[in-house]
Amino acid sequence: MVSLLPVPLLADPISELFDRDGTEEFLQEIAPTLEGTLRAQFGAEADEAYDAARLMGRFSANRLRVRMLERLGTSWRIEEGEKVEAWFRSDLGRTLRNAERALAGAEAQRLMGAYVATYSQLDAQDERAALAQRILAARRDVERLELVYRTAIRLSLETLDRARPASERYAPGEMEPELESALEELRPELRQRALWRVLFTHRSVPLSDLQKHVEFVESSAGLWYYRAVGQALERALNEAVNEYLAPPASED
């Protein structure tokens, strides 16, 4: 995939961490995910149902990246930041990061499918799966995925609602249960996808190193970092969707 991101103007610690921890690549997936979800909802009427150009302008990976840098930049604690940076610079941190980067390719996706199909035959299934679940919980991988899909579902519901007569539109608070119901149906798939990804990228790592990864993500520095990234992403998505839904005349 062609990167949507320019070369950062400043090589600040947070920008470098975004590159090392996979946030950069995650951000690049947001805009296509949003558009793809909406097109799946509206089909051939997608272009009539919403303004794709405005959507991409509001949800570009670059714009969200800037928002996240702004958010994290106001709360960066150097003592915690140094510990996080040390992990991503470590040999094990680099090994795991490279494995996650490689998963973006078609061949790696095919290999992961084969791995998933044979995983039930591995001796250490239960222990490795338990450690992988702890990594997912501490890094908030599933929460990140849910934030993006929640945004896409909200956009779909809002767009459909605006096409109805005023008398048939949602009253305040009525949309939330429908949004939650749609997201609830997606959660099992999102959780399974995230779990297999962690298991696959850690497949060649011994249990002792897998445990070291768990120790980092569950440390005060790891928990602080992934919580801060998740909070920044949530705020950035909410701001962007509110801008997109605002009347065009109110735009800058």
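User: What makes the pair formed by the side chains of His202 and His213 a polar contact?

Analyst: This is a predicted model, and in it the two side chains come to 2.8 Å of each other.

User: Where does His202 lie?

Analyst: Look at the loop between helix H11 (175-201) and helix H12 (207-217).

User: Is His202 buried or exposed, and why?

Analyst: Buried means under 20% relative accessible area. His202 has 2%, so it counts as buried. Setting aside residues up to four places away in sequence, His202 touches Leu96, Arg128, Ile135, Leu210 and His213.

User: Why does Glu178 get the label "partly exposed"?

Analyst: That label covers values between the buried limit of 20% and the exposed limit of 50%. Glu178 comes out at 38%, so it belongs in the middle class. You'll find Glu178 in helix H11. Beyond its neighbours within four places in sequence, Glu178 is in contact with Leu157 and Tyr170.

User: What about the whole chain: how many residues does it have, and what share counts as buried?

Analyst: There are 252 residues, and 44% of them count as buried. The chain has 13 helices and zero strands. Among contacts with a separation of 6 or more, 84% join residues 24 or more positions apart.

User: What makes a group of residues a nonpolar core, and which ones have the most contacts inside the largest?

Analyst: The members must be buried, of a listed nonpolar kind such as Ile, Phe or Tyr, and joined through side-chain atoms within 4.5 Å. The largest such set has 71 residues, with Ile30, Phe59 and Tyr225 making the most contacts inside it. Helix H13 (residues 220-245) supplies the largest share of this core, 14 residues. As for Ile30, it is in contact with Leu64, Val148, Leu233 and Leu237, neighbours within four places aside. In soluble globular proteins, nonpolar side chains tend to be buried together.

User: What does the span of helix H5 look like against the expected one?

Analyst: H5 (residues 61-73) has 13 residues and reaches 18 Å from its first C-alpha to its last, close to the 18 Å expected at 1.5 Å a residue. The buried residues of H5 are Ala61, Leu64, Arg65, Arg67, Met68, Leu69 and Leu72.

User: What makes a space a cavity, and how many are counted here?

Analyst: One cavity of 30 Å³ or more is counted. About 90 Å³ of space lies in the largest cavity. Its lining includes Arg20, Trp87, Leu96, Glu100 and His213. Helices H1 (13-21), H6 (78-89) and H7 (91-102) are the elements giving two or more residues to that lining, and H7 gives the most, with four.

Definitions and conventions
Residues numbered from 1 in each chain as written. Predicted model: local features only at pLDDT ≥ 70, side-chain atom pairs only at ≥ 80, totals over all residues. Heavy atoms only, no water. Buried < 20%, exposed > 50% of the residue type's maximum accessible area, 1.4 Å probe, protein only. Polar contact = N/O pair within 3.5 Å; in protein donor to acceptor, adjacent residues only side chain to side chain. Contact = heavy atoms within 4.5 Å. Expected span 1.5 Å × (residues − 1). 1 Å grid on protein atoms, 1.4 Å probe; cavity = no way out; pocket = protein on both sides within 12 Å on 5 of 7 lines; lining within 4 Å. Points joined across faces, edges and corners; volume = space filled by probe spheres on them.
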